[in-house]
Amino acid sequence: MSYPYQIKNIEEYEQAYKQSVMDPEGFWANIADHFLWRRKWDKVLEWNFSDPDIKWFQGGKLNITENCLDRHLGTLGNRPAIIWEPNDPEERHRILTYRELYTKVCQFANVLKNNGVKKGDRICIYMGMIPELAIAVLACARIGAIHSVVFGGFSAQSISDRIKDASCSLVITCDGAFRGNKDIPLKSVIDDALMTCPTVKKVIVATRTRTPVSMLKGRDVWWEDEIKAVETMGNPPCPAEEMDAEDMLFILYTSGSTGKPKGVVHTCGGYMVYANYTFVNTFQYQPGEVYFCTADVGWITGHSYIIYGPLSAGATTLMFEGVPTYPDAGRLWEIVDKFRVNILYTAPTAIRSLMGYGLGPVNHKDLSSLRKLGSVGEPINEEAWHWFKDNIGKGRCPIVDTWWQTETGGIMITPIAGITKEKPGYATLPMPGVQPILVDEAGKEIQGNGVNGNLCIKHPWPGMLRTTYGDHERFRNTYFSTYENLYFTGDGCLRDEEGYYRITGRVDDVLNVSGHRIGTAEVENAINMHAGVVESAVVGYPHDIKGQGIYAYVTLEHLSHDAELTKKDIAQTVARIIGPIAKPDKIQFVDGLPKTRSGKIMRRILRKIAENDLDNLGDTSTLLDPSVVEDIKKGRL
Ligand code: WTA
């Protein structure tokens with residue numbers, strides 16, 4: 001496979017960028033031309049950011065799986081599509097060629113059909129990182145069912161909320177998942193979730209851990225039995241469903257500043273073109289390279305850069321079931337060595353945690369196959385950047401620090417590996433087709449260089465979300481109402497003297513904990529459900545490994561006899577309501593929260609205290625009771 005739209009040098013980057021701004025429609029149409037369409041589009045783009053309404057490649061017909069699978073069979077049928085490395089290094093790895101993956105996707109798509117799934121149905125997928133997860137995702141896309149993947153670390157309550165929001169009719173899960181030394185009982189979590197989800201008629205369970213599971217008659221079936229049934233039918237082919245470019249491809253829930261996660265909706269045509277274009281260009285993927293992204297398919301990075309981007313490019317994508325520290329902190333390097341990985345895409349939190357183990361686990365691993373490195377999910381501090389560059393890339397590999405969001409579908413601001421300049425701590429320059437601008441609080445554009453502001457995007461790009469599922473008003477409100485005619489990212493950003501972008505972090509009430517997005521309001525709601533809690537306020541604070549930690553201020557009805565145990569109980573409630581990833585790192589019991597006279601909690605003050613920036617609390621005279629601040633300062637953890 002060749003990529004005629006792959007940028008080859010700095011002049012081509014500048015040329016592509018210029019053209020993408022002058023003539024976005026021509027620019028994207030030229031790229032989209034290189035994909036497999038059943039029918040070409042009538043109109044490249046129609047948009048306004050006020051309704052808002054965004055349509056790319058209208059009238060175009062396609063199926064993304066024909067682009068990820070069928071079109072490669074002739075030339076790349078025997079090339080590894082997915083290399084899968086299990087959690088336990090003693091267990092055998094698996095390799096699925098494009099042909100094998102195609103066959104398995106078609107088989108499982110037929111399983112879905114046999115179980116009554118039709119185009120447009122919503123399917124919840126809650127699985128560990130095994131090839132069957134990628135197969136399930138692609139099988140949904142094959143028949144036009146909309147997948148909603150829920151990360152394996154979310155609780156039953158969170159799954160149930162997501163299933164209900166999208167009225168899913170079927171769930172695909174596993175008996176359990178191996179992660180490090182843990183064995184997570186996924187099916188049992190699903191059983192709890194489904195007690196409150198009447199829309200779910202079927203559950204398909206793949207075996208992985210062989211942990212005992214209860215199978216409900218009439219509802220639950222085994223993946224393997226269903227596959228056998230398809231084989232008994234003689235493995236009929238599964239033609240891909242013809243989809244409109246703007247038909248929904250998937251929903252992925254993500255946290256915002258309100259208590260309820262929102263279902264980010266991506267559609268077929270634009271998302272495919274954008275995921276592929278950004279993959280091929282950012283990483284400068286060359287045919288035959290082995291590419292390893294350490295994310296989980298439960299997050300957008302896994303959707304775009306483990307599955308759709310690489311597979312649509314005919315790449316070899318490595319999927320790892322486990323965690324970087326199991327059985328020891330050399331595991332990622334071991335995998336790079338074992339499979340001669342060429343491109344490694346990971347998260348700052350993983351790098352920081354591995355840095356803590358020193359160079360022992362890195363030494364004696366052959367990392368000479370590595371050519372390009374990438375980082376995603378949160379700002380990468382310079383120390384981690386240099387450690388990655390020097391000790392993993394041995395000073396020879398470019399690092400791409402890629403800024404983007406669940407909502408953007410693909411990478412937005414990043415170096416182009418080895419072509420545009422990199423700068424530690426900076427996402428640097430926009431992808432062609434991306435028009436970032438900085439605005440002040442009043443929404444006025446901040447021009448020039450050496451400036452700070454809120455990051456917005458002023459023109460649509462094909463990968464952007466189209467709505468939030470079932471609530472278009474929320475879509476408008478969240479992204480397009482803060483600043484007129486601009487998509488607001490929620491991030492603060494610096495543009496330095498040279499015009500390079502550095503993301504400074506969220507400016508809304510969203511935390512980024514180990515690269516996971518968590519809304520403060522969600523955590524507060526969960527804490528407030530704990531018996532005896534009157535109210536709570538949650539803020540982030542700098543954390544050496546996680547990037548941000550969760551700091552909760554909690555008022556109780558009665559003083560607790562055993563404060564430490566009560567803290568653990570509260571953390572347990574949060575784990576039950578949201579999932580272990582949202583457990584507070586610190587809980588401080590307080591007599592009262594700093595509030596304005598109108599009853600609004602002054603988070604700014606709480607944030608400063610959590611950050612230990614006690615001299616800059618600002619004006620506290622407008623508080624209802626300024627003395628609470630002194631008490632909170634004294635009790636700071
Ligand atoms: C943050 C993950 C700095 C940012 C792909 C964004 C980053 C949020 C970077 C989206 C980066 C992501 N540098 N910050 N390279 N990448 N972020 O939706 O705050 O899980 O808004 O998407 O992560 O997180 P999400």
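Visitor: Is Tyr 271 buried or exposed?
Guide: Buried: in this predicted model, Tyr 271 has a relative accessibility of 1%. The cut-off for buried is under 20%.

Visitor: And how about Phe 250, buried or exposed?
Guide: Phe 250 is buried too, with a relative accessible area of 0%.

Visitor: OK, switching to ring pairs. How many aromatic pairs are there?
Guide: The count comes to 40. One of them is Phe 250 with Tyr 271: the ring centres are 5.0 Å apart and the planes sit at 85°, so that pair is edge-to-face.

Visitor: Where do those two sit in the chain?
Guide: Phe 250 is in strand S14, residues 248-254, while Tyr 271 belongs to helix H9, residues 268-282. They are 21 residues apart, so the pair links distant parts of the chain.

Visitor: What about Tyr 479 and Tyr 487, why does that pair count as stacked?
Guide: Their planes are at 15°, and stacked needs under 30 degrees. The ring centres are 5.5 Å apart.

Visitor: Are those two buried or exposed?
Guide: Both Tyr 479 and Tyr 487 are buried.

Visitor: Which residues do ring pairs link into a cluster?
Guide: The cluster takes in Tyr 5, Phe 27, Trp 28, Phe 35, Trp 37, Trp 41, Trp 56, Phe 57, Tyr 274 and Tyr 277.

Visitor: New topic, charges over rings. What sits over Trp 84?
Guide: That's Arg 94, whose charged end is 5.9 Å from the centre of the Trp 84 ring.

Visitor: And which residue lies over the face of Tyr 426?
Guide: Lys 423 does, at 5.2 Å from the ring centre.

How values were computed:
Residues are numbered from 1 along each chain as its sequence is written. This is a predicted model: local features need pLDDT of at least 70, side-chain atom pairs count only at pLDDT 80 or more; totals for chains, interfaces and linings use all residues. Side-chain values use heavy atoms; hydrogens and water are left out. Rings of Phe, Tyr and Trp (its six-membered ring) pair if their centres lie within 6.5 Å; planes under 30 degrees apart count as stacked, over 60 as edge-to-face and the rest as tilted. Helices (H or I, at least four residues) and strands (E, at least two) are DSSP runs, numbered from the N terminus. Buried means under 20% relative accessible area, exposed over 50%, partly exposed in between (1.4 Å probe, protein chains only). A charge sits over a ring if NZ of Lys or CZ of Arg is within 6 Å of the ring centre and within 35 degrees of the ring normal.
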